[in-house]
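Subject: Handover of a structure

Dear colleague,

Please find below the structure that I am handing over to you. My notes on what was found in it follow directly after.

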Amino acid sequence: MSWLTRAGAAAAVKRNRRAPLLILLLAAVFALAVPRPAPDHVPFGEQQNVETANPLLCVHTLLENEVQEAKIKRSLVLARELGATTIVQFFPWAYHEPSKGRFNWERADRILGHANRQGLQVIARLGLVPAWARPSGPDQPSTLNYLPAESFEDFARYAAAFARRYAEAVKALIIWNEPNLSFEWGYRQVDPAAYARLLRVSYEQVKAANPDMQVLAGALAPTLERRGSAAGLNELEYLSAMYRQGAGDVFDALAIHTYGFRDPPAAEPNRERLNFRRAELLREVMIAHGDGDKPAFITEFGWNDHPRWTSAVRPSQRSAYTIRAYDYAKSNWDWLESLCLWALRYPADLLSYPDNFTLVSADFSKKPIYFALQDYSRQRARSEALWLPPPLDG
């Protein structure tokens, strides 16, 4: 995710929105080191099918840190009942290869088993570096997002092992997340050339292990950061730089993150503004480099309705804008495979504005937007039937 609303403010915004998620992440990593009793597995149950009139509907789930398997299953049932055909789910490398060459697939097996039994397609996001693959020593960076060049082959080997094991369960792999942001690139200067090398070695190993697996590049964050910024680089320049490094040959589709902020979904795209249709500018970059035949997946998008966040909209606007976004995409973006909302649910409420991106609270309370999307997927409600209040600016 990225909510950078103006150039120059990126670092502060990033710190503010990442702190609650980092707390959850650190708690999960600590939990890995604590001996736990064998889990009580929850039966997968009977095979289900998704009934929906909106095949683009996809939701981002965050099940990697969910402690109770019953809650994993319940979350995926809610995704199916929403009418989503697809989920995006993170599978951290650090969780599944805790020491080099020793894989532990138990958690991934359970998540994917439940997802597939619910009839959901899965886009797997890969990242998060285990300690053994990061630099060691008191003067070396220790962030979990720091992947040194000498570990690119190790990451690619993990991606290949994942693609081989889950050939029937997973639709596509996203190689890394938001590499155009310093935070996601190990708190260092972003480097499109290095990411292109990571993408190449990962693509080659994944295709050798499973030629049918789709490899998604990018998952680029929407930001206005200019070249030389310590916070990152805007996704348009970053993607162009990737192409100059030959990355166009080593991915099957582009993963895009695009958020609406306070603009309605039909607002015109602009290189100096962040809004939903900014995805079209990335599409223009693909076409300019001869990649117009490749599809794209929007793996994060949405609006926020927190009452005190300056980039939020009202709850009724959030529901209406989201549904209108699906209408717009279906009518105008024939290159789009999935439109994935951030996010279905967090394992715990963060008690901050990121909670207002979710469709369901941590206690499984469904929010109004969940019911609006469910009605839309069943064709009981259309975006034009939703009341839309005046714009926040008057």
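A disulfide links Cys58 with Cys340, with an S to S distance of 2.2 Å. Please note that this is a predicted model, and that the values here are computed from it. The structure holds 1 disulfide. Because the torsion about the S-S bond of Cys58 and Cys340 is about 90°, the disulfide is right-handed. Cys58 belongs to strand S1 (residues 57–61) and Cys340 to strand S8 (residues 336–341), so the pair ties together parts that lie 282 residues apart in sequence. Cys58 and Cys340 are both buried; that is, each has under 20% relative accessible area.

Strand S3 pairs with strand S2 (residues 86–92) through 7 bridges, and the two run parallel. Within this pairing, Pro92 stands opposite Gly127 of S3. Strand S3 is also joined to strand S4 (residues 172–175), here by 4 bridges, and these two strands likewise run parallel. Ile123 has Ala172 in S4 as its bridge partner. Between S3 and S4 the chain passes through helix H5 (residues 152–165), forming a β-α-β crossover that is right-handed.

Yours sincerely

Key
Residues numbered from 1 in each chain as written. Predicted model: local features only at pLDDT ≥ 70, side-chain atom pairs only at ≥ 80, totals over all residues. Heavy atoms only, no water. Pairing = 2+ DSSP bridges. Right-handed = clockwise from strand over helix to strand, strands pointing away. Disulfide = S-S within 2.5 Å. Buried < 20%, exposed > 50% of the residue type's maximum accessible area, 1.4 Å probe, protein only.
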